[in-house]
Amino acid sequence: MEAEHILVVSLRKSGTHLLKEVMAGLGYVLNGAVSSAGVAPRPLGRQTALRVLGAVYTPDEIAALQRSRDRAAVDRAVSRAVTVLNRAWSVRLGMPRTAAADSDPETDRLTARELSRQSGYRFSDTPGGVCWFTHDLDLAGVDENFLLEWASSGSPRIILNYRDPRDVLLSMVNFLAEKDAGRLGGFPDHVVYSDILKSVQDPRDRIGIALTDPGFPGGDSFERALWLLRHPRVCKVSFEALVGPDGGGSAAAQAAEIKKITDFLDLADDMDSASREALARRIFNRDSYTFRSGRTGAWREQFTPEQHMLFERRYGHVLREYGYA
């Protein structure tokens, strides 16, 4: 049986678009900190629909829906329940709050009620066949019931995606200096530092700001994710292995990384080498909004010797922990 509930923790600017293409190619619906525009959700099925309704509505409300002859109203209730669960779990997983485009008073009311529950809620109540994405899973901010459920059941399967911290810093600098940082939403620090970096003309001075400002976006994300890196039930995926020849990696490392993911998700029996090769050809997506060059080791061309030493003093332990020393 393939894993039904997946959570990808992809550190900011670590090639989230690569994992997005992999998971979409494996047939999962995407949710959370990635765009899933144009992707139709899987049909829920009767049992899943009842589970979703039971997670959001009271027994009396469900009984009223079961008596209803208005099929459209029942469908709207199921759809609203899915929306409510998605919003509630975004909060419970510590994701940044953003303004919801599909908000309405009843959905807002049910979301507030769902978030007020002290117990009895489970991540497994959310629809299956979905891969959630987040850029952070801070132990200090994630719902403790989620951690207890994961520890006891092993679900959702968690994948950690990371990249050389030096390339991450450079990629963040370039993104904030060149793109409309507010377009992604949910990251006010992006907007603030985008204004700062765009006011600086010398690219090396921008790197200097990123290296010396403790509030620079993503600066502490690697340390917060150390528990994921060390946990034996988390699948670890690196940008350098997954990016493949188009981004300066190798086809062999890319194939091995994709196989690692499919094995972890119990999909090995459904994916032969030809299928994995076909998947590998689609994941280097230059059309992704956050894509710039998608190369490994670009920091070597941009860091001055002094900046390299500064990075080593500040983040040397992170480089060693993640295997980049």
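This is a predicted model: local features need pLDDT of at least 70, side-chain atom pairs count only at pLDDT 80 or more; totals for chains, interfaces and linings use all residues.
The lining of the second largest pocket consists of 14 residues. Nearest its centre lie Ala49, Leu53, Val74, Asp75 and Val78. Three helices each give at least two residues to this lining: H2 (46–56), H3 (59–67) and H4 (71–92). The largest share, 5 residues, is supplied by H4. Sorted by class, the lining has 8 nonpolar residues, along with 3 polar and 3 charged ones.

Which residues of H6 are buried? They are Phe146, Leu147, Glu149 and Trp150. Viewed down the axis of H6, these buried residues fall within an arc of 165°, so they line one face of the helix. An α-helix has 3.6 residues a turn, so residues three or four places apart point the same way. On the face of H6 turned away from the buried side are the exposed residues Glu144, Leu148 and Ser152.

Just after H6 comes Gly154, whose phi is positive, about 75°. The chain then runs through the loop between helix H6 (144–153) and strand E4 (157–162), where Pro156 is placed. The peptide bond from Ser155 to Pro156 is cis, and its omega is near 5°.

Most residues other than glycine have a negative phi, and most peptide bonds are trans. Two further places in the model are worth a look against that background. Lys13 is a residue other than glycine with a positive phi, near 65°. The loop that holds Lys13 runs between strand E1 (5–10) and helix H1 (16–25). Is Lys13 buried or exposed? With a relative accessible area of 14%, Lys13 counts as buried, because the limit for buried is under 20%.

Asp266, which is not a glycine either, has a positive phi of about 60°. Asp266 sits in the loop between helix H13 (251–264) and helix H14 (273–282). The relative accessible area of Asp266 is 39%, so this residue is partly exposed.

Conventions:
Residues are numbered from 1 along each chain as its sequence is written. Side-chain values use heavy atoms; hydrogens and water are left out. Helices (H or I, at least four residues) and strands (E, at least two) are DSSP runs, numbered from the N terminus. Buried means under 20% relative accessible area, exposed over 50%, partly exposed in between (1.4 Å probe, protein chains only). On a 1 Å grid over the protein atoms alone, a cavity is a set of points where a 1.4 Å probe fits but cannot get out, and a pocket is an open set with protein on both sides within 12 Å along at least five of seven lines; lining residues have an atom within 4 Å of a point. Ala, Val, Leu, Ile, Met, Phe, Trp, Tyr, Cys and Pro count as nonpolar, Asp, Glu, Lys and Arg as charged, and the others, Gly among them, as polar. The arc is that of the directions from the helix axis to the C-beta atoms.
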